[in-house]
Amino acid sequence: MEGIIGYGAYIPRNRIKVEEIAKVWGTDAPSYKRGLMLEEKSVPSPDQDTITMSVEASKNALKRAKIDPADIGAVYIGSESHPYAVKPSGTVVAEALGATPEAHTADFEFACKAGTESMFVALNLVKAGVIKFGMGVGADTSQGAPGDALEYSAAAGAAAFIFGRDKIVAKIVDTYAYMTDTPDFWRREYQYYPQHGGRFTGEPAYFKHVTGAARGIMQNNDMKPEDFDYVIFHQPNGKFPLRVGKMLGFKKEQIEPGWLVNKLGNTYSGSSPLGLAATLDIAKPGDMVLIVSYGSGAGSDAFIFKVTDHIEEVRNLAPLTRDLLDKNKNYLEYGEYAKFRRKIRKAD
Amino acid sequence: MSTPSRYWREIPQRYRLEANKCNRCELTFFPPRLLCPECKNRKLEKSKLTEKGKVITYTIIRVPPAQFSDQAPYAVGIIELEDGVRLTGQIVDCAFEDIKIGMKVKLEFRKLFEEGHAGILCYGYKFVPHGE
Ligand SMILES: [Zn+2]
């Protein structure tokens with residue numbers, strides 16, 4: 001039996017409120033808050049990036065997995081904000097954990113789906129018997145162009161999952177992938193900020209692929225929404241995951257434990273993985289959990305997990321996701337935020 | 001300015017806090033040494049520093065070395081880890097007025113500096129407040 005043996009989250013301490021961004025661009029904060037169902041978002045410090053957050057989330061996953069990091073056979077990092085254009089993030093993360101040199105590493109990219117891609121591959125290599133332990137991380141420090149709608153939501157965070165065969169906290173029941181070529185969001189080389197297709201990011205993109213993946217995996221396993229205790233969808237804003245849940249027949253109570261977006265923002269590759277970490281934080285043995293990611297371009301990965309008795313033993317060995325989200329926050333003003341995100345730069 | 005090779009040589013200490021110790025004298029060395037200066041023991045055992053400690057003293061750097069100019073002003077402290085080893089490092093994610101002698105801190109993996117706009121990114125540990 002294969003599954004998650006350890007999981008860990010990391011969220012930077014800085015936050016900026018929707019009002020603070022709206023004030024600068026002269027937009028109506030209440031309508032943005034209502035429209036996006038979003039109050040504030042996380043912001044990385046200037047010395048934080050996908051690599052540093054991946055290391056912290058991975059170390060938290062290791063605390064729960066309690067394995068020798070040298071036994072990890074694969075370290076995969078999914079992100080659309082890898083710090084280098086050429087040079088892997090995974091080598092730094094693997095080195096910081098002590099997983100080198102006998103490990104396979106790769107950086108995944110697929111907009112917001114890169115995190116679950118790294119999990120998908122690590123998990124299936126464990127299932128295939130190629131490696132003993134594999135780690136998949138989703139992390140991003142994403143940017144929206146100043147004044148663009150994305151600026152209100154693009155946030156930072158990371159979640160890491162270690163897969164193995166013994167002492168499993170959540171057994172994998174099935175995986176599924178659903179993907180088409182859909183240009184709803186992109187960033188060309190040398191461009192600092194992404195472009196998006198506005199409303200085109202909705203129906204033919206997010207909703208089509210998330211429902212396609214959710215329905216596909218449920219059909220293959222002869223399961224219905226009521227067979228699940230919890231469900232996590234990708235969270236580009238507060239509204240989309242709630243609406244797609246309703247379309248599929250899930251109740252708000254199944255979605256809420258993993259719905260972090262109103263206080264976190266969209267952490268891109270970290271989004272649904274952080275939702276899964278928050279859900280495992282409160283799940284009970286026997287609970288069935290469905291997670292469906294979404295990445296522009298476009299596609300969704302889906303996983304069904306069954307939580308085991310072992311969850312109770314590991315849960316408190318590392319920080320809980322909601323504690324990282326709600327405690328020890330530092331609110332930024334727009335000027336400080338613009339400096340932190342290098343929207344303005346000091347003269348050389 | 002450091003070169004990639006110098007940065008690379010320090011990775012075991014910078015990323016993983018690899019140290020070593022003399023079991024005869026019960027001394028820990030960071031960075032690791034080839035032999036114990038007390039008893040000349042060459043059979044030193046690999047060890048890893050603990051990741052929690054407290055602030056012994058600190059200062060605010062306002063005129064920094066070139067590669068840290070983007071970060072100034074910033075706090076640098078001497079931290080005593082739980083295993084007794086003292087390290088120097090930046091104290092971040094904490095307003096200067098909130099830094100106190102004796103404050104509990106823990107290590108976090110951060111970007112230390114960038115080699116200009118096109119050079120390598122240098123990572124390692126910094127200290128953050130650890131309220132618990
Ligand atoms: Zn000695």
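**View 1. A three-stranded open sheet in chain A.** The strands of this sheet in chain A run in the order β3-β2-β14, and their pairing is mixed. β3 (40-43) and β14 (330-331) of chain A are the edge strands, each pairing on one side only. Strands pair here if DSSP finds at least two bridges between them. Helices (H or I, at least four residues) and strands (E, at least two) are DSSP runs, numbered from the N terminus. The model is predicted: local features need pLDDT of at least 70, side-chain atom pairs count only at pLDDT 80 or more, and totals for chains, interfaces and linings use all residues. Residues are numbered from 1 along each chain as its sequence is written, while chains are lettered from A and ligands numbered from 1 in the order in which they are written. Strand β2 (residues 14-17) of chain A pairs with β3(A) in the antiparallel sense, over four bridges. Lys41(A) in β3(A) is the bridge partner of Ile16(A).

**View 2. Helix α1 of chain A over the strands.** Helix α1 (residues 18-25) of chain A lies across β2 and β3 of chain A. Its direction is at about 55° to β2(A). Axes are lines fitted to C-alpha atoms, for helices over the stretch in contact, and angles run from 0 to 180 degrees between N-to-C directions. Two residues are in contact if their C-beta atoms, placed from the backbone, lie within 7 Å.

**View 3. The α1-α2 crossing in chain A.** The axes of α1(A) and helix α2 (residues 29-36) of chain A come within 9 Å and cross at roughly 130°. That angle makes α1(A) oblique to α2(A). Angles under 35 degrees count as roughly parallel, over 145 as roughly antiparallel, 65 to 115 as roughly perpendicular and the rest as oblique. α1(A) and α2(A) cross in the right-handed sense. A crossing is left-handed if the near helix is turned anticlockwise from the far one by less than a right angle, and right-handed if clockwise. Val18(A), Glu19(A) and Ala22(A) of α1(A) make the contact with Ala29(A), Tyr32(A) and Lys33(A) of α2(A). By class, the contact of α1(A) with α2(A) has four nonpolar, no polar and two charged residues. Ala, Val, Leu, Ile, Met, Phe, Trp, Tyr, Cys and Pro count as nonpolar, Asp, Glu, Lys and Arg as charged, and the others, Gly among them, as polar.

**View 4. The α6-α7 crossing in chain A.** Helix α6 (residues 202-220) and helix α7 (residues 239-248) of chain A have axes that come within 10 Å and cross at roughly 50°. α6(A) is therefore oblique to α7(A). Their crossing is right-handed. From α6(A), Tyr206(A), Phe207(A), Val210(A), Thr211(A) and Ala214(A) meet Phe240(A), Val244(A), Met247(A) and Leu248(A) in α7(A). The contact of α6(A) with α7(A) holds eight nonpolar residues, one polar and no charged.

**View 5. The two domains of chain A.** Domain 1 of chain A covers 3-169 + 314-340, and domain 2 covers 170-307. These bounds come from an automatic or database domain assignment. Taken over C-alpha atoms, the centres of domain 1 and domain 2 of chain A are 16 Å apart. Contact involves 50 residues of domain 1 of chain A and 42 residues of domain 2 of chain A. On the side of domain 1 that touches domain 2, β1 (3-10), β3, α5 (114-127), β6 (133-141), β7 (156-164) and α12 (321-326) of chain A each supply at least two residues. α5(A) gives the most to that side, with eight residues. By class, the side of domain 1 of chain A that touches domain 2 of chain A has 27 nonpolar, 14 polar and nine charged residues.

**View 6. The antiparallel sheet of chain B.** Three strands of chain B form an open sheet in the order β2-β1-β3, with antiparallel pairing. Its edge strands are β2 (27-29) and β3 (45-48) of chain B, each pairing on one side only. The twist averages 40° from one strand to the next. Strand β1 (residues 18-22) of chain B is joined to β3(B) by four bridges. Three bridges join β1(B) to β2(B). Asn20(B) stands opposite Lys46(B) in β3(B) and opposite Phe29(B) in β2(B). Glu18(B) stands opposite Lys48(B) in β3(B). β1(B) and β2(B) form a hairpin with four residues between them, and Glu26(B) in the turn has a positive phi of about 55°.

**View 7. Where chain B touches chain A.** The contact takes 14 residues from chain B and 16 residues from chain A. On the chain B side, α2 (11-16), β7 (104-114) and β8 (121-129) of chain B each supply at least two residues. β7(B) gives the most to this side, with four residues. The residues of the side of chain B that touches chain A divide into six nonpolar, one polar and seven charged.
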